[in-house]
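Here is a short report on one protein model. Please keep the sequence and the coordinates at hand while reading.

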Amino acid sequence: MHWKFRNLLDGLYQIIDIYRNYLVLLGLIIVSVFLLQANNNPQLTYIRQRVIFISALLANHSGDQSEAIESVRDWNLLRQENIDLAKRNIVLEDAYLENVKLRQMLKFSARFPLQTIPAQIIFKSPNPRFSTLTLNKGFRDGVRKRQSVITDKGLVGLIVDVSDDYSECQILLDQTFRAAAKIQRTRLNGIVFWQGQPNEVGFYGVLKNLDVRVGDVILTSDYSEFFLPNFCIGVVSGINNEIAGIFKDIRIQTAVDFNRLEEVFVVTDTSKTASSRSGFENVFLGEQ
């Protein structure tokens, strides 16, 4: 027992001998702090207050940093949730619009008296000299050349080429497109052709002294070689008599918005019997 205590004291002496300088320094610091705390000198009091204030400030700042990190994490989570909700909203909105379009197409198909094939546009030709649409329906589906292409608003164009599974439609907005047409109200006849403007065609052949008004509806006429009569082409949007010659300059806003066109109907019934009936033209106006 005695020799153990002696060994303990020897070890303690060795530690003191090794760290004596540090121990002296620690003792001096403790004494200094005690003297500073006990001293009521105004300058020392001011220094103590500043030290306490800075320590508190550092502690608060450390807490603020933790809150800031937590806020950034929450913000990132909210941002990701917003992105996910926006994506879901886009999908739902697309589904809603698709549903609305399908319902409109079904409603029109039900009231349209001629046989049609619904088709989707899979390509729009950027060539201004020959503006065409490629449709996803072809010969196997019953599509043939010179069949009319329409929407529930009116005439789109004419089938000019057919393969087994696809077909090509020349649209109204093409440089070589021509169609015999008439004014619904007065039955005055003329020729429709494209003048280079989007969603607008010209109507040529009406004498300046004849009655044409802005808002008159233009239909395909019975004189048309390729189109069935009474398909809606558009509405008169401008009339100009101040030009050379004997005919008016008449502009027509097309019934179909070609910029938003995605689905069409190919009219497979080429008989003029149904489209010549009284009131047929109103199917494009939703009045039948």
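## The barrel

This is a predicted model. Six strands form a closed barrel. Their order is β1-β2-β5-β4-β3-β12, and the pairing is antiparallel. From one strand to the next, the twist averages 45 degrees. As a general point, strands of a sheet pair through backbone hydrogen bonds, in a parallel or an antiparallel sense.

Start with β1, which spans residues 116–124. Three bridges pair β1 with β2, residues 132–135, in the antiparallel sense. Phe123 lies opposite Thr134 of β2.

Next comes β5. Four bridges link β2 and β5, again in an antiparallel arrangement. Here Thr132 has Gln170 of β5 as its bridge partner.

Strand β4 covers residues 155–162 and is joined to β5 by five bridges. These two strands also run antiparallel. A hairpin of four residues connects β4 to β5.

How much of β5 is covered? Strand β5, residues 167–171, is mostly covered, with four of its five residues buried.

## Thr220

Thr220 belongs to strand β9, residues 217–220. Is Thr220 buried or exposed? Its relative accessible area is 0%, so Thr220 is buried; the cut-off is under 20%.

The Thr220 side chain makes a contact with the backbone of Phe231: its reach to the backbone nitrogen is 2.8 Å. Leaving aside residues up to four places away in sequence, Thr220 touches Leu155, Ala180, Ala181, Lys182, Phe227, Leu228, Pro229, Asn230, Phe231 and Ile233.

## Phe231 and the core

The largest nonpolar core holds 53 residues. Which of them touch the most other members? They are Phe112, Leu135, Val156 and Phe231. In soluble globular proteins, nonpolar side chains tend to be buried together.

With residues up to four places away in sequence left out, the contacts of Phe231 include Phe112, Leu114, Ile150 and Leu155. Others among them are Ile218, Leu219, Val267, Phe280 and Phe284. Phe231 also touches Ser148, Thr220 and Ser275. Leu155 is one of the residues touched by Thr220, and Phe231 touches Leu155 as well.

Key. Residues are numbered from 1 along each chain as its sequence is written. This is a predicted model: local features need pLDDT of at least 70, side-chain atom pairs count only at pLDDT 80 or more; totals for chains, interfaces and linings use all residues. Side-chain values use heavy atoms; hydrogens and water are left out. Two strands pair if DSSP finds at least two bridges between them. Axes are lines fitted to C-alpha atoms, for helices over the stretch in contact, and angles run from 0 to 180 degrees between N-to-C directions. Buried means under 20% relative accessible area, exposed over 50%, partly exposed in between (1.4 Å probe, protein chains only). A polar contact is a pair of N or O atoms within 3.5 Å; within protein, one must be able to donate a hydrogen and the other to accept it, and residues adjacent in sequence count only if both atoms are side-chain atoms. Contact means heavy atoms within 4.5 Å. A nonpolar core is a set of buried Ala, Val, Leu, Ile, Met, Phe, Trp, Tyr and Cys residues joined through side-chain atoms within 4.5 Å.
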